[in-house]
Amino acid sequence: MKQPSSSLALSGNALALAIANPGSLGTIEAYISAVNRLPVLTAERETELGRRLRDHDDLDAARELVLSHLRLVVSVARQYLGYGLPHADLIQEGNVGLMKAVKRFDPERGVRLVSFAVHWIKAEIHEFIIRNWRMVKVATTKAQRKLFFNLRSMRPDGQTLDPEQVDRIAEELNVRREDVSEMEVRLSGRDLSLEKQDDDEEGYAPISYLSDEGRQEPTRVLDRREHDELQGAGLAHALQALDARSRRIIEARWLQDDGGTTLQELADEFGVSAERIRQIESAALKKMRGALAPA
């Protein structure tokens, strides 16, 4: 990127890429180097741009205000690298907060944009971290959020807190000691894969022992109910669809506890060949399947 002079010399496309994707310039280091070369606004210039944006919706003024404060986002995002999330993603979310701050900036309040924007930048980064740090949300209430972003640095050497330290932190952050203890447990935990990883042949994942066969899982209940119905009323209905000889053959072949009657035995009973009994049996089973099929 060519170094800008007194004016902001980024093109519209480069601006969009820089704000939307800090990695668009090749590496995060290249992005940081580029934004650090952008000029800092004087108080007078900042007020002028703020008025143009407020009074005339001047997008060029908004662009200059945003670009001149991208270095602030980089600085704030660096403070949150300890949560294991990519620096570029933190910067990208911070840039969203910066744009929200620029949109709401009032130059007549006598407050520099840098002081006003830092709160919006942190708010967006906080939301991003909470959404993505763990699969399960670890902070939902105001007290939990306060602890989430402060407890890590307040724990001595990352050790487990003793009751005295819990009381001290609770008093300092104006939260309940129970909230401190609960957040300490949440921060000390880690995500665990429910299923075994592909490259872990010896692993024993929670999915192996979390299943409860005795639990009345809805789909199993419905499957069992349907099976019982087919075994009872459904089977009786299907047998009723057969003529007397076919029903006798099916009952003798399939519904006996002693293993069923052979084809030859039934052939001798009805005075026909065993092959004829097999044909009658096959036709009867086909007719029963039709009667048992869902409407």
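Before we start: a residue is buried if its relative accessible area is under 20%, and exposed if that area is over 50%. The model you're looking at is a predicted one.

**Exercise 1.** Work out which residues of helix α16 are exposed and which are buried.

*Solution.* Start with the exposed ones: Lys286, Arg289 and Gly290. On the other side of the helix from these, you'll find the buried residues Ile277, Ile280, Glu281, Ala284 and Met288. Now look down the axis of α16: the buried residues fall within an arc of 100°, so they line one face of the helix. Here's the general idea: an α-helix has 3.6 residues a turn, so residues three or four places apart point the same way.

**Exercise 2.** Check whether the length of α16 agrees with what you'd expect at 1.5 Å a residue.

*Solution.* Helix α16 covers residues 274–292, which is 19 residues.

**Exercise 3.** Decide whether leucine 65 is buried or exposed, then find what it touches.

*Solution.* Next, leave out residues up to four places away in sequence; leucine 65 then touches Leu41, Glu46, Leu49, Gly50, Leu53, Val102 and Leu113. Take leucine 49 from that list: it is 16 residues from leucine 65 in sequence, and their C-alpha atoms are 7.1 Å apart in space.

Note on methods. Residues are numbered from 1 along each chain as its sequence is written. This is a predicted model: local features need pLDDT of at least 70, side-chain atom pairs count only at pLDDT 80 or more; totals for chains, interfaces and linings use all residues. Side-chain values use heavy atoms; hydrogens and water are left out. Helices (H or I, at least four residues) and strands (E, at least two) are DSSP runs, numbered from the N terminus. The expected span of a helix is 1.5 Å times one less than its number of residues. Buried means under 20% relative accessible area, exposed over 50%, partly exposed in between (1.4 Å probe, protein chains only). The arc is that of the directions from the helix axis to the C-beta atoms. Contact means heavy atoms within 4.5 Å.
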